[in-house]
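Open the model in your viewer and keep the selection tool at hand. The stops follow in order.

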Amino acid sequence: MPAPSRWLIRSSFGCLLVGMIIGALLLIHKSYPLHPAMWSLLPVHIELLIFGWIIQFTMGTAYWILPRYLEDSSRGNPALVNLTVVLLNMGILLMITDTLLLPKWPLALAGRAFEAGAVLLFIMLHWRRIVSYQR
Amino acid sequence: MPHVARTFIKTGFVFFMVALILGVALEIESLPLPRLMPLFWHALMVGWITQIIFGVSLWMFPGRTREEGFKAQIWAWLTYIFLNTGLVLRFIAEPMLLYSTLTIWDILVVGSAVLQVSGGVTYVIEMWPRVQSKKQRMRKRKQKRNR
């Protein structure tokens, strides 16, 4: 498994655990109220589990498992995939920071733009890898 | 495909269907079914998508043991038991919070939360060492053979 896949997948495991713990606290809060501001964690729970867990895990596994380029059996430009990992995780962090700490700054806009950049790079890297070796 | 992966995927199919039935019920305005929305989303995202990711990754990722059975694949089976018991408990207890003041429903909701997180933890315990490079995999295989 290549290094960028390992980073994406391990980061997705981290997001899964933190997202699940927040979800568990929200569920417990329904029975035993924990804090009046508890529900403000709902967007963080969703961000961590949709983008951090499901999307990140899928991207990591796809980079590893999709067919490589026929010409040189590589998976594409390593700098671009490293940038994908950084942009996606920065985007997730910015979205969470926006929800928790600095809602008046335009962090959510930057966060979603980073995530969109990561997805664009991901598509560019994988477009020509969606092939069949049979004629 | 190992037994535990098949069980995850088939249970995922059941939750997929349950989610869509809940989705239909949500659209019928005359049905008096409150608190269905979180159940619909969790049946879909945890019961179906997360469960199928767990099942397929336990099967496809390198370094799995070929030996079948609960003891040989303890972390995977514990993940299955924790996640699904937690989900089923939630589906029973959460709507009951609205109709009953009995403490048992509150306790079951807490139990469901703890079980689902435990499922996440046991999954990561199983999978973390299996996220490895080709070199690391070869080294591990060599060490196993030399034992």
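Which residues of helix 3 of chain B are buried? Select Ala76(B), Thr79(B), Tyr80(B), Phe82(B), Leu83(B), Asn84(B), Gly86(B), Leu87(B), Leu89(B), Arg90(B), Ala93(B) and Glu94(B). Buried means 20 or more other C-beta atoms within 10 Å of the residue's own, exposed means 12 or fewer, with C-beta atoms placed from the backbone.

The model is predicted: local features need pLDDT of at least 70, side-chain atom pairs count only at pLDDT 80 or more, and totals for chains, interfaces and linings use all residues. Residues are numbered from 1 along each chain as its sequence is written, and chains are lettered from A in the order in which they are written.

Now show the side of chain A that touches chain B. The contact takes 19 residues from chain A and 22 residues from chain B; contact means C-beta atoms, placed from the backbone, within 7 Å. Helix 1 of chain A gives the largest share of the chain A side, 14 residues.

Finish on helix 4 of chain A, residues 107–126. Gly111(A), Phe114(A), Glu115(A), Ala118(A), Leu121(A), Phe122(A) and Leu125(A) are buried. They pack against helix 2 and helix 3 of chain A. On the other side, Leu109(A), Ala116(A), Leu120(A) and Ile123(A) are exposed.

Terms used
Two residues are in contact if their C-beta atoms, placed from the backbone, lie within 7 Å. Helices (H or I, at least four residues) and strands (E, at least two) are DSSP runs, numbered from the N terminus. The expected span of a helix is 1.5 Å times one less than its number of residues.
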